[in-house]
2 protein chains.
Amino acid sequence: MATDQAESDADEADTYEQFEKRVQRISNVGNAAGILRWDQEVVMPDEGTPARAQQLSTLSSLSHELLTADQTGELLAALEDDELADERAAVVREIRRQYDRETSVPQALVEEISATASNAHPTWKRAKEEDDFEQFAPTLEQLVDLKREYAEHIDPDADPYAVLFADYEPYIDLETAERVLERLRETLVPLIDAVQDSDAELTTDAFSGEFDDDDQEALARDVLDSLGYDWDRGRLDTAPHPFSSGTQFDARVTTRFEEDDLLGSITSTVHEFGHANYTQGLPDHGYGTPLGEARDLSVHESQSRLWENHVGRSRPFWEHFLPIARERFPELEGVTPEEAYESANQVHDDNLIRVEADELTYHLHIVIRFEIERDLIRGDLEVAEVPRVWNDKYEEYLGVRPETDAEGCLQDIHWSHGDFGYFSTYSLGSVLAAQLYAAAEADRGPFDDAIREGEFDGLNGWLRENVHRHGKRYVTPDLIERATGEGLTADYFLEYVESKYGELYDLEGY
Amino acid sequence: MATDQAESDADEADTYEQFEKRVQRISNVGNAAGILRWDQEVVMPDEGTPARAQQLSTLSSLSHELLTADQTGELLAALEDDELADERAAVVREIRRQYDRETSVPQALVEEISATASNAHPTWKRAKEEDDFEQFAPTLEQLVDLKREYAEHIDPDADPYAVLFADYEPYIDLETAERVLERLRETLVPLIDAVQDSDAELTTDAFSGEFDDDDQEALARDVLDSLGYDWDRGRLDTAPHPFSSGTQFDARVTTRFEEDDLLGSITSTVHEFGHANYTQGLPDHGYGTPLGEARDLSVHESQSRLWENHVGRSRPFWEHFLPIARERFPELEGVTPEEAYESANQVHDDNLIRVEADELTYHLHIVIRFEIERDLIRGDLEVAEVPRVWNDKYEEYLGVRPETDAEGCLQDIHWSHGDFGYFSTYSLGSVLAAQLYAAAEADRGPFDDAIREGEFDGLNGWLRENVHRHGKRYVTPDLIERATGEGLTADYFLEYVESKYGELYDLEGY
């Protein structure tokens, strides 16, 4: 018996090694594609596109073939028969999920969606430029139908929108997301009303002026230095749409500079730091498997928003950082930390555009998109009705009505990519950021003094310990529960914004 | 019959399409790896190495598996039964060659060579630092044995050195290479003697001084602008060891700047332009197959050396370029084009180091390495004898004897990589450069006036037409014959150096 057990252990080890090797190959192909995409956004010359598109398409199909090969299925089945150690079981769980999803959708449908989305992009762009929703409507209808078909292949019995949502957020129930968004709407609509009725006069122009690009870049480096970015495992570049990408060994940040928007470049850099800092905190030994990969979009966004909002838009941060900014920009000499803080937290009146929104109105933009795309995919809303419903909701939730579809339902790129189910992860990220920040302060005491001193190791140490180092070892609800002692809840976020904006805008009852 | 023929044509088309798709995938994986290597040399943060090594290893093994798969062999066999159009036959010929080589060497041996070479690198580096050949000798012996074994797998009946040479230069006979190198040695040894005995006093210090890096970079961009580099399909960066890489859609150049070596950065940039300009001239429609790939190392090097030497080290080039250089560096105001020309063509007396060599002595460095590595691989020379033989040959051919192995047989990195058979392609490139340049002038008339005016379109048009656009369509001897009307010959190179240096150094009989 002992020998049998030993032999069976050896077999398992052997099977697991084969499996792990396959998983690592898939991961390496994906990470290579990540470098190619970074290169395309940051350094590739203009005419490189045709070759790059072919290279990325080859890598994507190789990765798909490796994942969906019979051997993968056989190895998964063999390993699922065994009692695996926790870490191994987690790898098997994650790959099983990807395997099931990718094998259930016919490759022809995947390619049709990809081709339709490629063509949809210029159509959407022209429709937006010409403010003509009619031009985009047939394509949007096509994409909605295709994505519904896609969802049916994965699970014919499930709500198709829940299936699509799970592409981005596999372990959070759609019901949880809906509950959170509903609470945000219920609480934020009256809070924003109160802010808009407030007589408080905030400083809004602490950062007005013209700021040289090179000096802004130097300051962005100061930001990253100050927060503790590991330059030996990353770099900073500029890109038209800032993003972060890479692995724990090489987690890169991009940002952008506009002459009249110094504050925007600072907050965007802090935001991208949050993403890259998460990536840098993933465990080295997990490289190549889900153990060394970030949990999904909401958790990633929780990291960027924790740093952007709870740190970068706080009073102590500006007490710490304003003197650094003044070294680069002596014209900030007359600005006080309080004025900088107020400027960084201004709530706008006429907010129609999501990407220009503040910390409060932002989530109503998300709620509107969420409700509309959910109803579209479920078949409860016709494409032709989208502009009217969009405008009605903006009027109801935000008190403004778009005058054109270009600044209404055509403003975002996502639907033209066939991305339905994605938007809510932004709000879930904010909510989780507040929950994690509160748990970190409950554990380690308030961070205000440390932030004022430019000391971020305490906060980051807590995040490393409770979030980063786990990679995908735990499913998201377990990760949140272990880190904060409870399930995902909007409580902390609402508490945070009510207290912050109540004080800033001198609101009664907040 | 007609129907049968049509069906058979349709089958062939179908088989060829399958084959081409497979070839394109292999090419895309290789080009993706090329971007990863560029990234590693140019932008990757220091600690990115462990992940990058795994990514490159995965891409390399995927490419190997795609190439050596049974399907590749079956498609090749089926297509070789057909009468294919010329271009298709060329693609089949090139892939057949790669397929035969890669399938004949056991993967375990390939991996052993790769692992041995990885370990050899630090050993060589330390041996060089400590000037201790003994430390490196056992590893060198191991690499020689492994590469001999590798050659035997490919062709047990052939001269193993010829097999290794064919890895770099598949269609030029080793005999041709030997004949060329012998002629170089016979002619250059007395020519260099004569130069060293000459009383001519050349200006050697036209570019002495200290030159700011940023200004040098601006000047390198001027060089590329002036020669006609297509910036929409390329970019310039810095790297410790300058190189060019990429595809016709994206052919990038790197260079380096040393404060006290402005001339070196200019000539190195012109050299890399030659490589990248070849790549940019490959046909777009051939991307992904050998039709859109550069012919091998000698042809590639012929392009870099044609531009570096025949253009960049010519009198008319300096008449054209010196005024441009003066705009960046006013301190060159007092330098005449003739002085610049002389400084760019100085022959040194005490030349021990290959990478610092001039246009004449360079080839003797190559001849020495070629003779030694050929004899090592053939088993005609023991590793222990290398330092003595090396020093003897330097004394005999160049009249200098290295005092240390660090500046002797340990100076180059190549053998520690297991690269045997590579060096001679540098000299073959110079020889072919002269032959092509002479043929271009025979076709289009002398280029001197155009170069003086900064007009390079005529020369480049000839190269595009006769070399670049063909990709790998013709085997190298055919490409050379079609472009120049004769086989590879050292005549034009020797005529060029004898006339150039005879005049510069006022040599009798030249």
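## Salt bridges

A salt bridge here is a side-chain nitrogen of Lys or Arg within 4 Å of a carboxyl oxygen of Asp or Glu. This is a predicted model, in which local features need pLDDT of at least 70 and side-chain atom pairs count only at pLDDT 80 or more, while totals for chains, interfaces and linings use all residues. Residues are numbered from 1 along each chain as its sequence is written, chains are lettered from A in the order in which they are written, and side-chain values use heavy atoms, with hydrogens and water left out.

By the salt-bridge rule, the count over all chains comes to 82. One of them joins R378(B) to D159(B), with the closest N and O atoms 2.6 Å apart. This pair links distant parts of the chain, 219 residues apart: R378(B) sits in helix α14 (residues 361-378) of chain B, and D159(B) in the loop between α6 (133-154) and α7 (160-168) of chain B. Helices are DSSP runs (H or I, at least four residues), numbered from the N terminus.

## Where the chains meet

Between chain B and chain A there are 8 salt bridges.

The contact (heavy atoms within 4.5 Å) takes 36 residues from chain B and 36 residues from chain A. Together the two chains bury about 3100 Å², 56% of it on carbon and sulfur atoms; buried area is the accessible area (1.4 Å probe) that two parts lose on being put together, summed over both. On the chain B side, R25(B), P45(B) and E47(B) lose the most area to chain A, together 18% of what that side buries.

## Two helix pairs in chain B

Helix α8 (residues 174-197) of chain B packs against helix α20 (residues 491-504) of chain B at about 5 degrees, with the axes 11 Å apart. That angle makes α8(B) roughly parallel to α20(B) (under 35 degrees; over 145 is roughly antiparallel, 65 to 115 roughly perpendicular and the rest oblique). Axes are lines fitted to C-alpha atoms over the stretch in contact, and angles run from 0 to 180 degrees between N-to-C directions.

For the second pair, the axes of α11 (residues 297-311) of chain B and α18 (residues 457-466) of chain B come within 13 Å and cross at roughly 160 degrees. This makes α11(B) roughly antiparallel to α18(B). The contact is made by Q303(B), L306(B), W307(B) and V311(B) of α11(B) with L459(B), N460(B) and L463(B) of α18(B).
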